[in-house]
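I begin with the terms and then go place by place.

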Amino acid sequence: MKALILRRRKLGLGSCKGIRDNSQTGLDFVRNDQLKPDTFVGVDMVFRWGCTSTVPVNNVVNTAQAIHKIGDKGGFRNDLMMCPETTNLVPKTVFTLDEALGMIGEGATLFVPKHHAQGKKVYLASTEEAMVAATHACGDGWYASIFIKKSAEYRVFVCQGRVVWVAQKTPGNPDDPAWNVAQGGRFDNTRWDEWPLTVVDAAIKAFNVSGLDFGGVDVMVDGMGRPYVIEINSAPSQTSPYRQACTAKAFDHIVENGKAHLGLNEGKMGWRYYIHPSI
């Protein structure tokens, strides 16, 4: 079976190269603005790397619908709040100024544009004047949530409902409201036997709401050790050779066996309960 990763310009070049170089099935990648008439000739499967362009292939990993769903970060936050399994796994979140003003006195409130990336354009506010200013700065469409002081943050790469790798974020500035590697800091790979299982469990539950076949779930932990899902990325950074190799194994598994949801490893304990069979 021939498979391609489809990516957008300025998105995932290094990640896709690393996955291609580690693939054992000949998995390659192509940019959506560099397609040729014969690009998809003989291609049986397409992996969407944050890209929703139309493709003439029926077997698609990560549908455009699912990518749009998690790309509307405010809308997806609402989906998580509406789902009984995940309603307690997201910070208290509101979508109107009146609701946000009602949270004055509960602590600082974080205002985020519903479409955002790389931790940019997020605003903390504690007064009515500051909240109004934050909504104007966010522009058309935003959500607001109680600001939770993080003790840790992780990215959990989930594929087919199982975990492929876990990395802990080390921020450039721990006082920043959004910890993002693009704004400084780094990802540190986490050993299997050191996976924070409450974080992993929260990531899988949120992933199952998304409709994705793979994605990087960002989960923060508060001072009491409680996990909160922040968002899911359909093109999560793969800067580490280890993460690239693991993702290539998971993608090769899909090429060889299909993309069906796998469920968890019943009868297993700890990290073995969650880990992807390719790993």
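I call a residue buried when its relative accessible area is under 20%, exposed when it is over 50%, and partly exposed in between, using a 1.4 Å probe and protein chains only. The model is predicted, so I kept to the rule that local features need pLDDT of at least 70 and side-chain atom pairs pLDDT 80 or more, while totals for chains, interfaces and linings use all residues. Residues are numbered from 1 along each chain as its sequence is written, and side-chain values use heavy atoms, with hydrogens and water left out.

Entry: aromatic rings.
I took rings of Phe, Tyr and Trp (for Trp the six-membered ring) as paired if their centres lie within 6.5 Å, with planes under 30 degrees apart called stacked, over 60 edge-to-face and the rest tilted. The structure holds 9 such pairs. I looked up W192 and W271, whose pair is tilted, at 5.0 Å centre to centre and 40° between the planes. This pair links distant parts of the chain, since W192 sits in the loop between β11 (185-189) and α6 whereas W271 belongs to the segment after α7 (241-257), 79 residues apart. Helices (H or I, at least four residues) and strands (E, at least two) are DSSP runs, numbered from the N terminus. W192 has 32% relative accessibility and therefore counts as partly exposed, whereas W271, at 17%, counts as buried. I then turned to Y273 and Y274, which form an edge-to-face pair at 4.9 Å centre to centre with 75° between the planes. Y273 is partly exposed because its relative accessibility is 21%, and Y274 is buried at 9%. I also noted one aromatic cluster, formed by F47, W49, F157, W165, F214 and F251.

Entry: helix α3 and its partners.
Axes here are lines fitted to C-alpha atoms, for helices over the stretch in contact, and angles run from 0 to 180 degrees between N-to-C directions. How do α3 and α6 pack? Helix α3 (residues 73-82) and helix α6 (residues 197-210) pack at about 110°, with axes 10 Å apart, and are therefore roughly perpendicular to each other. That label covers 65 to 115 degrees, while angles under 35 count as roughly parallel, over 145 as roughly antiparallel and the rest as oblique. On the α3 side the contact is made by F76, D79 and L80, and on the α6 side by A206, V209 and S210, where contact means heavy atoms within 4.5 Å. I sorted these residues into 4 nonpolar, 1 polar and 1 charged, counting Ala, Val, Leu, Ile, Met, Phe, Trp, Tyr, Cys and Pro as nonpolar, Asp, Glu, Lys and Arg as charged, and the others, Gly among them, as polar.

The axes of helix α2 (residues 64-71) and α3 come within 5 Å and cross at roughly 90°, which makes α2 roughly perpendicular to α3. K69, I70 and G71 of α2 meet K73, F76 and D79 of α3, and by class this contact has 2 nonpolar, 1 polar and 3 charged residues.

I found G50 in the loop between β3 (45-49) and β4 (60-61), buried with a relative accessible area of 7%. Leaving aside neighbours within four places in sequence, G50 is in contact with R8, L11, I67, S234 and A235. H253 lies in helix α7 and is buried at 16% relative accessibility. With neighbours within four places again left aside, H253 contacts Q160, G258, L262, H276, P277 and S278.
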